[in-house]
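Dear colleague,

Please find below the structure that I am handing over to you. My notes on it follow directly after.

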Amino acid sequence: MNDPVLVINCGSSSIKYALVPATAEQPRLTGLVERLGSGDARLKGVDSRGDAFTSDLGDVGHVQALRAILEGLEGRRPGAVGHRIVHGGERFTRATRIDDDVVATIEQTSALAPLHNPANLQGIAATRSLFPALPQVAVFDTAFHQSLPPRAYRYALPESLYRDHGIRRYGFHGTSHACVSARADALSGSPGGGWLTAHLGNGCSTAAVWEGRSLDTSMGLTPLEGLVMGTRSGDVDPGLHAHLVRQLGWSLERIDEVLNRESGLLGLSGLTNDMRELEAAADTGHAGALLAIEVFCYRIAKSLAALSCALPRLDGIVFTGGIGENSPRVRGQVVDLLPHFGLELAHAANLATVRGREARIDTQTPNRPVLWVIPTDEEGRIADETRQLLGDTPR
């Protein structure tokens, strides 16, 4: 298949897309429709010349927004559609061609990712109605982590909760962790290494990857477990829920809202979930911003240290995601908290990183773990998995 793959990442009020060509020499068209259902939706994208554009769409839903995306693809038509699906449960361990049975199974899994899977399903329904003849593939965030051993994915709960209800750790951001760990293998010249990967953005997770397989990760049953995130709390005492019910009379819905949307960097700082704004405020001495960054970095380092137990050997740490790729401050603070790993940060190289480019930021001392900044390419990974499933060689 020489035609490009249209990669769709559909949210409840947004659609992120990328038209990924069969070869890297061809330009990739990317964009985002935001504010769906608000009456003033907008399409923002980048054309084949690299120029940004914005188009007002008005009051549109997912199907109309996808029509607008199609019209903006400069006459190029996809040969297949690859969908990012957040939760695949235990059923989906790899990319899967979409049919009615697959859609029904994703619907059954929606209770595990109520903020994500229903929106992902909207994208599938819209693209199937627009492109009924095109093969469509679901690529699951959880699939890469299906290689976790039971000691990593089981909770210490009654067996029946796992056996009858699938309550276990699944992990997320799988396409990102797979992408950057594979690239780290390639850059190291010795495929099959042991990597700690840190995907740091508004959502954050870490993973331990050995010989291309995930052995442990920070997220669990849902994307709420693990690190401090933009608005998500990450790990809290499991007794917190009952405490808030007894002491404050909160409903489970209110607790869920607070932990998912009012916590994390936003809750700690009282300012924002944007790391760029927090770093600027911290430079002026804002106590909340300083605390938020300190807790954020400490929890990342703590998670990386714990995940190192899963690896037979540590070859290095890879930072990726919006914060991981663009915040020398965060990377520096995390590395400083892990001196016992033998890490040596090259401070000048860390400060000199360029957005969107790979960079090695350790001192390159022999026989020490390396430090990489590697931009993630989740859209490219989804396109590659779509092509592989359909029998084509990846780019």
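In what order do the six strands of the open sheet with mixed pairing stand? The order is β11-β10-β9-β12-β14-β13.

First, the conventions. This is a predicted model, in which local features need pLDDT of at least 70 and side-chain atom pairs count only at pLDDT 80 or more, while totals for chains, interfaces and linings use all residues. Residues are numbered from 1 along each chain as its sequence is written, and side-chain values use heavy atoms, with hydrogens and water left out. Helices (H or I, at least four residues) and strands (E, at least two) are DSSP runs numbered from the N terminus, and two strands pair if DSSP finds at least two bridges between them.

Strands β9 (residues 194–200) and β12 (residues 316–320) pair in the parallel sense over five bridges, and alanine 198 has phenylalanine 319 in β12 as its bridge partner.

The eight-stranded sheet

A further open sheet has eight strands in the order β5-β4-β3-β2-β1-β6-β8-β7, again with mixed pairing. Because β5 (52–58) and β7 stand at the edges with a single partner strand each, one side of each is left without a neighbour in the sheet. Strand β2 (residues 14–20) runs antiparallel to strand β3 (residues 29–34), joined by six bridges; leucine 19 has leucine 29 in β3 as its bridge partner. Helix α1 (residues 62–71) lies across β1 (5–10), β2, β3, β4 (41–46) and β5, and runs at about 30° to β2.

Strand β8 (residues 136–140) is mostly covered, with five of its five residues buried; buried means under 20% relative accessible area, exposed over 50%, and partly exposed in between (1.4 Å probe, protein chains only). Gln136, Ala138 and Phe140 lie on one side of β8, and Val137 and Val139 on the other. Strand β6 (residues 80–85) runs parallel to β8 over five bridges, with isoleucine 85 opposite phenylalanine 140. Strand β7 (residues 96–97) is antiparallel to β8 over two bridges, and threonine 96 stands opposite alanine 138.

The second largest pocket

This pocket has a volume of about 610 Å³. Of its 17 lining residues, Thr222, Leu224, Val236, Pro238 and His241 are the closest to its centre. On a 1 Å grid over the protein atoms alone, a pocket is an open set of points where a 1.4 Å probe fits, with protein on both sides within 12 Å along at least five of seven lines; lining residues have an atom within 4 Å of a point. Grid points are joined across faces, edges and corners, and the volume is the space filled by probe spheres set on the points.

Helix α8 (residues 252–261) gives the most to the lining, with four residues. In α8, Ile255, Val258, Leu259 and Asn260 are buried, and the buried residues of this helix pack against α7 (240–248).

Yours sincerely

Key:
Contact means heavy atoms within 4.5 Å. Axes are lines fitted to C-alpha atoms, for helices over the stretch in contact, and angles run from 0 to 180 degrees between N-to-C directions.
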